[in-house]
Amino acid sequence: MVLRSDRTTAADCEESVVPDVLTGQWPLGWSIALFLTVGAFTVLGSVRLATLGDVLADRTGQGEALFGAVFFGLVTSLSGIVMTAASAADNHPDLAYSNAVGGIAAQTLAIAAADATYRRVNLEHAAASLPNLLFGCLLIGLLGIALMAAFSPDVTVWNIHPASAVMVAFYWGGLRLISDRPRPMWIAVRTKDTVPDVPEETATTGRRRTTTLWTEFLTIAALVVTGGWLITRAAETFVTTTGLNAGFVGAVLMGIVNALPETVTAIAAVRRGAVTLAVAAVIGGNCLDALNLVVGDIAYRGGSLYHAAGPDELFLTAAALVMTTVLLGGLLIRQERGWWRLGFDGILLITIYTATTITLAF
């Protein structure tokens, strides 16, 4: 009987390890290592996604702008969706909200990074298109609804704020408006530096079947989802162990990792000459990140996620709105040359994001 008791105890200890790993607090060393490892994998996976996305955009006939903003934006936003949902479900609404909005701010900064790598002309000049402008307007509307929800009466239906349904409907209506205009009433003036969206196959991908490319595309997406969960668990450890501000961890640390797919993809797409895809992936990914607030609102069982947002989260939302407005200004003005390979909007994006980060840190 003693032996049976010993065996039972050992089995119980063995079984308790799994729940601890899945739901318990991780050691700080593990968290840092996983945070960096997943971030590195995200960079490598995103480079491959850029190639696959460019080819699939041509083969599906959707074009770089629409494909990049919807399908590509969804895949690159998957890690952020998981981060927001996991944080909200673990009763960290401030972390969930700041991750979603912080990802938008960091991803908008990716336009400046991609612009710096494009040598011919300012990226916003080469990639100006009606869909990209409309997706920017859609993003401003989504963030505006989120702010209105935060200041609205704290009313929920099954612990979900009505604004979440409004945001989904607003996004769907925006997609219909953008995709259902065969003869747009406004077009960007073609210049010698404008890069047209022309279908093009590379020697490597041209020989592969479309189904094979989709399989690889979705496999990488699944790995990105797993990485998002690991990042969330590591970030929660940072907050509880180091005493760092949850808004800062969500907006800066998680936000930067959340933005890595779009950033690396935008740079890789620019190097391939797919400049429209580069801008569309960022703006479309930002729109889907705004919908992350809806995912977080559903996952958070403590009430409305919007009303759980504190001053830091609302400040970050306002910063994301300002950065999006600056980006739209750059796409409209289409400055050909600027400072240090950046247009006026690139300089402003860097300045606004830096000031926002410093403010949240203190």
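**L305**

I started at L305, which sits in helix α12 (residues 305-308). For helices I take DSSP runs of H or I, at least four residues long, and for strands runs of E, at least two, numbered from the N terminus. The model is predicted: local features need pLDDT of at least 70, side-chain atom pairs count only at pLDDT 80 or more, and totals for chains, interfaces and linings use all residues. Residues are numbered from 1 along each chain as its sequence is written, and side-chain values use heavy atoms, with hydrogens and water left out.

Is L305 buried or exposed? L305 counts as buried because its relative accessibility is 0%. My cut-offs: buried is under 20% relative accessible area, exposed is over 50%, and partly exposed is in between (1.4 Å probe, protein chains only).

Next I listed what L305 touches, leaving aside neighbours within four places in sequence. The contacts are P93, A96, Y97, L293, G296, D297 and Y300. Contact here means heavy atoms within 4.5 Å. I also checked L305 against V294, eleven residues apart along the chain. Their C-alpha atoms are separated by 8.4 Å.

**Whole chain**

I then stepped back to the protein chain. It has 14 helices and zero strands. Of its 362 residues, 53% are buried. I looked at contacts between residues at least 6 apart in sequence, and 84% of them join residues at least 24 apart. The accessible surface comes to about 16,100 Å², with 68% of it belonging to carbon and sulfur atoms. That area is from the Shrake-Rupley method with a 1.4 Å probe; for residues, only the protein chains shown count as cover.

**Helix pairs**

Two packed helices are described by the angle between their axes and the distance between the axes. Axes are lines fitted to C-alpha atoms, for helices over the stretch in contact, and angles run from 0 to 180 degrees between N-to-C directions.

The axes come within 9 Å and cross at roughly 170°. The two helices are therefore roughly antiparallel. On this scale, angles under 35 degrees are roughly parallel, over 145 roughly antiparallel, 65 to 115 roughly perpendicular, and the rest oblique. On the α4 side I found Y97, A100, V101, G103, I104, Q107, T108, A110 and I111; on the α11 side, V279, V282, G285, N286, D289, A290, N292 and L293. By class, the contact has ten nonpolar, six polar and one charged residues. I count Ala, Val, Leu, Ile, Met, Phe, Trp, Tyr, Cys and Pro as nonpolar, Asp, Glu, Lys and Arg as charged, and the others, Gly among them, as polar.

*α7 and α11.* Helix α7 (residues 162-179) packs on helix α11 (residues 275-299) at about 150°, with the axes 9 Å apart. This pair, too, is therefore roughly antiparallel. Which hand does the crossing have? The crossing of α7 and α11 is left-handed. Left-handed means the near helix is turned anticlockwise from the far one by less than a right angle; clockwise would be right-handed. From α7 come S164, M167, V168 and Y171; from α11 come C287, L288, A290, L291, V294 and D297.

*α13 and α14.* Helix α13 (residues 311-333) and helix α14 (residues 344-361) cross at roughly 175°, and their axes come within 9 Å. That makes α13 roughly antiparallel to α14. The α13 residues include F315, M323 and I333, and the α14 residues include F344, Y353 and L360.

**Positive phi**

I looked up two asparagines. N91 has a positive phi of about 65° although it is not a glycine. N91 lies in the loop between α3 (63-89) and α4 (93-117). N91 is exposed, with a relative accessible area of 52%.

N159 also has a positive phi of about 65° and is not a glycine. Its loop runs between α6 (130-150) and α7. N159 is partly exposed, at 29%.

**Two last pairs**

S129 is in the loop between α5 (123-126) and α6. S129 is buried, with a relative accessible area of 15%. Its C-alpha atom is 9.2 Å from that of L332, 203 residues apart along the chain.

A222 belongs to helix α9 (residues 210-242). A222 is partly exposed, at 42%. I checked A222 against S79, 143 residues apart along the chain, and their C-alpha atoms are separated by 9.1 Å.
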